[in-house]
Amino acid sequence: MPSSLFDRIANSHPHVFRAFSVLADGEHHLQRIMDLDSYWETPLQGTPAVIKPGGELPADAVVSGEFDLVYAGGTLSFLHAAVMAKRYGRSVLVFDRYISARSTRDWNISRNELQRLAETGVYTAAELDSVIVRSYKTGWVEFYLPDGNQKRLSMQNVLDCAVDADRLLGISKEKVLSGVRNSVLDGTTFLCCYRFPGHVVVEVEDRAGKRLYYKAKVLVDVMGVLSPVARQLNEGRPQTHVCPTVGTLASGFENADFDTGEILASIGPAEISEGKGRQLIWEGFPAEGEQYITYLFFYDEVDSPNDKTLLGLFETYFRTLPEYKRPGKQFVIHRPVYGIIPAYFHDGFNRTRVIADDHIILLGDSASLASPLTFCGFGSMVRNMQRLTEGLDRALREDSLGKENLAGVSAYEPNVASMANLMKYMCFNPGTDEPNFVNEMMNEVMIVLDQLPPRYREAMFRDELRLDELVTVMLRVAVRYPKIILATWQKLGVQGSAGFLKNLAGWAFSSTK
């Protein structure tokens, strides 16, 4: 029998009800989705303080353990914690509100990018090969045009390896637990931290409601978009843009191509209703065996009037899935995948988002430094693993754990920050955009990329474009599609345009140009 949680959505979200109620762990996923959707219910202002002065630590608090690093959040954190523990010999505690080392999404990455983990000396090539459950030959990007003449842009070596996220996280968790000084806690919720001159004390609550205290040289916040630490440090506005994403890992599709990755695929104009609008985009990737993963998502401003709830997007996903991939008679959902991918517009020549404080550092989606266009948090973490771990170990060795020093241990990349501005063009605005604007614009981008050497397309979708290459693409698109000039004014405005120019200038004077 459906639980009361299912009863709450039976009428309002019938497609989600039917799909989730037959899953063995459907209620668990439904609860997690509702927890993530609490993001939209949290006011931007009036955020409660979770970073407190040491003098407020309860007099009867008893410290249950001392560690170099305490990680709040137990998914991507394990990749970082494993390197800190195994390579640098740091004592670490990782805790998670749910079950640690379990992801709500699977990951795609190129093989060369994944090998960055082997360069740490902590992961072997064999271990990394074991988490690649499928490699595909070619990927493509395509945006809908009513006449069917859209450009399908094919590319190699872009997100072409499907990674079993839980398998990789499990290997990482084992590496953490192989150290006798390390610990992992499930069912443990972050409450707050108390900051002292040389350390922090982290207060958590276990499933039974018992409050525990742990001392750390550094609190590593990897709690994602719901991070109350990020919200406090950024004055209630930790993100400027978001990409709500839902999907399934399933088998039994009639028209799934297991040799090809569908990196971005729109199949219709923007969905518009009552002054709201969003351009829905699909992704499809072959996974392990006969399994196939599909995602539905859209880009949006964090304060737009659109329904950005994952629950609402899942209803749209199940309702429209047959228009993208046809479920056959043997169609089976193995598990849902979902998340809110964050983005932040840096209005400056360098990083403007706050990602650290004294004895506190933010990583992954808590830091919101990745581009949501393709690479997202996993790719950013892997790409920057060496400097994120080496830099933090240096700060620990030198006891340089103040805000300024820890802020330098960052995954910020000037090229990625500049490229993330392009996401603004993909945020549909019903007040200014024609229904097929995003598709038309992106189709012109695909045509331009097709006319340039293959490196351009591969670099763009791996967030590796050089500054001169981006300028080349932008100028060619402007010549082909003059509407982009007006769209720039409408999408970015004076402040946004100035900010984009600052980002480009910062990139020009950086080492990554």
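Where in helix α9 does a kink lie? In this predicted model, the kink is found at Phe-318, shortly before the proline Pro-322, and amounts to about 40°.

## Helix α9

Helix α9 covers residues 310-324. Of its 15 residues, 12 are buried, so the helix is largely enclosed by the rest of the structure. Phe-318, the site of the kink, is itself one of the buried residues.

## Helix α7

Helix α7 comprises 13 residues, 165-177. The distance from its first C-alpha to its last is 18 Å, close to the 18 Å expected at 1.5 Å a residue. At the start of α7, a side-chain oxygen of Asp-164 comes to within 3.2 Å of the backbone nitrogen of Asp-166.

Buried residues of α7 include Ala-165, Leu-168, Leu-169, Ile-171 and Val-176. Ser-172, Lys-173 and Lys-175 are likewise buried.

## The largest pocket

The largest pocket holds about 900 Å³ of space. Its lining consists of 38 residues, and those nearest the centre are Arg-32, Leu-36, Val-222, Met-223 and Gly-224.

For the second largest pocket, the volume is about 530 Å³. It is lined by 27 residues, with Leu-422, Tyr-425, Met-474, Ile-484 and Phe-500 closest to its centre.

Helices α14 (437-451), α16 (467-480) and α17 (483-508) each provide at least two residues of the lining of this pocket. The greatest share comes from α17, which supplies 8 residues. The lining divides into 23 nonpolar, 3 polar and 1 charged.

## Enclosed cavities

Across the whole structure, 5 cavities of 30 Å³ or more are found. The second largest cavity has a volume of about 110 Å³. Among the 14 residues that line this cavity, Leu-363, Gly-364, Ala-367, Ser-380 and Ala-411 are the closest to its centre.

The class count for the lining of the second largest cavity is 10 nonpolar and 4 polar, with no charged residues.

Methods:
Residues are numbered from 1 along each chain as its sequence is written. This is a predicted model: local features need pLDDT of at least 70, side-chain atom pairs count only at pLDDT 80 or more; totals for chains, interfaces and linings use all residues. Side-chain values use heavy atoms; hydrogens and water are left out. On a 1 Å grid over the protein atoms alone, a cavity is a set of points where a 1.4 Å probe fits but cannot get out, and a pocket is an open set with protein on both sides within 12 Å along at least five of seven lines; lining residues have an atom within 4 Å of a point. Grid points are joined across faces, edges and corners, and a volume is the space filled by probe spheres set on the points. Helices (H or I, at least four residues) and strands (E, at least two) are DSSP runs, numbered from the N terminus. Ala, Val, Leu, Ile, Met, Phe, Trp, Tyr, Cys and Pro count as nonpolar, Asp, Glu, Lys and Arg as charged, and the others, Gly among them, as polar. The bend at a residue is the angle between axes fitted to the seven residues ending there and the seven starting there. Buried means under 20% relative accessible area, exposed over 50%, partly exposed in between (1.4 Å probe, protein chains only). The expected span of a helix is 1.5 Å times one less than its number of residues. A polar contact is a pair of N or O atoms within 3.5 Å; within protein, one must be able to donate a hydrogen and the other to accept it, and residues adjacent in sequence count only if both atoms are side-chain atoms.
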